[in-house]
Amino acid sequence: MVIPLTASQKRSILLAVGIVVGLCFLLGSGPDRGSLNRLSTQWTFSHNSTVYTPSEYALPNTHSSSSAIASSHPLDPKIAEITSQPRRANATLMILARNNDLDGVIKSMEQMEVQFNRKFKYPWVLLNEVEFTADFKRQANITVLTDVPVSFGLIPHDHWFQPEWIDEDLAREGRDRLVRQNIIYGGSVSYRNMCRFNSGFFFRHELLQPYKWYWRVEPDVRYFCELDYDPFLFMEEKNKLYGFTISMPEWEPTIPTLWSSIKEFIAENPQYLHPDNSMDFISDNAGDTFNLCHFWSNFEIADMDFWRSEAYMKYFEFLESKGGFYYEVRPWSMSAALTKLTLFVTIKRWGDAPIHILSNTVRKARIGERDIVSCDPNDNFDFAENSCLRHFMRLN
């Protein structure tokens, strides 16, 4: 059943250049992972003018206020409730957490289950650099409202911890310098481990190998609005690789050599730069300099086959060889990822966000925008002074 658009949805259509998607959520994150703290709804841009309504990807005969399959469903309601959704992507909900994140993980899972996953029933994968405790596993399993699988994985040592070939004296010198400059996470090795893992390793984990798509969920996240359609199917059928919630400038002191390293990679590997790339999103002068725009990767939905591709793996291996994940602040992981999506579509920080974005610049037509807005479309971050949405929209 196609639900008529409300006045608020019509306003959001105008604000989003005629494209409406119905994801609303409030993001809130603890200090360790740095997630967003806003109400959000998903907008996805396409290169043509067609408007795709979320109802195309909704469960049949569901209503946003109902927690069960509608009585008009061809199957008995009880059977329908436990039957796999006929149109489901090969996807998983993924959380990176520590044992002391249990309360935040439960809150996030409860919100996601109530607002989305009780209907669509995607499996969960939780990863940790140490073994999850029995109590953590028990409580996380109880949180899930359906019979979907919940898997708990240990991150391989080499995928998480600082490589032995890193010059620790040089790395410590860099951390101390950043601490003196009062740069957030400047002295944290664990933060750098996390950024490196999110940039080049999470999609290689054995528990994620069976899946193509992932939805990154952070501890202590709030999803206040019910989602009645499947964003995985939306992205899959509209040929999108990456969905994001917010884009804003990176903090330049945290990535002093990232862009020069990316330019070096491009010069040595021109075959990986897509002709229809999104360089105009991350550079105001055709790639000479980086304008610092990147996607915040704390919330992202993406196709892991892109991260597993030859182009992205070569890109990550090149950045890894430079040591920037440990010699600079946000390890390049976020920014290198930022660049990763923007170049080959670009790639994330010598943290994972900038690296993912910069790699995504490569194929602009395949990035789906998920900017931060509230259930009231007039209350959003889209055109705030420090939003990079303007840069993204000039691609379309």
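One term before we start: contact here means heavy atoms within 4.5 Å. Also keep in mind that this is a predicted model.

Let's begin with helix α9, residues 258-268, and α12. Which residues of α9 meet α12? From α9 we have Leu258, Ser261, Ile262, Glu264, Phe265 and Glu268. Facing them in α12 are Ala311, Lys314, Tyr315, Phe318, Leu319 and Lys322. Sort that contact by class and you get seven nonpolar residues, one polar and four charged.

Now the geometry. Two packed helices are described by the angle between their axes and the distance between the axes. For α9 and α12, the axes come within 10 Å and cross at roughly 130°. That angle makes α9 oblique to α12. The crossing of the two is right-handed.

Stay on α12, which covers residues 310-322. It also packs with helix α7, residues 189-200. Here the axes come within 10 Å and cross at roughly 155°. Over 145 degrees counts as roughly antiparallel, so that is how α7 and α12 lie to each other. Arg196, Ser199 and Gly200 make the contact on the α7 side. Tyr312, Phe316 and Glu320 make it on the α12 side. By class, the contact of α7 with α12 has two nonpolar, two polar and two charged residues.

Next pair: helix α3, residues 102-120, and helix α4, residues 134-143. Parallel or antiparallel? Their packing angle is about 20°, and the axes are 9 Å apart. That makes α3 roughly parallel to α4, because angles under 35 degrees count that way. The crossing of α3 past α4 is right-handed. On α3, look for Leu102, Val105, Ile106, Met109, Glu110 and Glu113. Their partners in α4 are Asp135, Phe136, Gln139, Ala140 and Thr143. The residues of this contact of α3 with α4 split into six nonpolar, two polar and three charged.

On to single residues. Find isoleucine 166, in the loop between α5 and α6. Is isoleucine 166 buried or exposed? Its relative accessibility is 6%, so it counts as buried. Leave aside neighbours within four places in sequence, and isoleucine 166 is in contact with Ala171, Gly323, Tyr326 and Tyr327. Now compare sequence and space for isoleucine 166 and serine 321. They are 155 residues apart in sequence, and 9.5 Å apart in space, C-alpha to C-alpha.

Serine 247 is another one to find. It sits in strand β8, residues 247-249. At 2% relative accessibility, serine 247 counts as buried. A polar atom of the serine 247 side chain lies 3.0 Å from the backbone oxygen of histidine 294.

Last stop: the loop between α10, residues 279-282, and β9, residues 293-295. Alanine 286 has phi near 60°, a positive value in a residue other than glycine. Leucine 292 is not a glycine either, and its phi is positive at about 80°. How do they stand on burial? Alanine 286 counts as exposed, at 70% relative accessibility. Leucine 292 is buried, with a relative accessible area of 15%. The cut-offs behind those words are under 20% for buried and over 50% for exposed.

Definitions and conventions
Residues numbered from 1 in each chain as written. Heavy atoms only, no water. Axes fitted to C-alpha atoms, helices over the stretch in contact; angles between N-to-C directions. Helix = DSSP H or I, 4+ residues; strand = E, 2+ residues; numbered from the N terminus. Parallel < 35°, antiparallel > 145°, perpendicular 65-115°, else oblique. Left-handed = near helix turned anticlockwise from the far one by under 90°. Nonpolar A, V, L, I, M, F, W, Y, C, P; charged D, E, K, R; others polar. Buried < 20%, exposed > 50% of the residue type's maximum accessible area, 1.4 Å probe, protein only. Polar contact = N/O pair within 3.5 Å; in protein donor to acceptor, adjacent residues only side chain to side chain.
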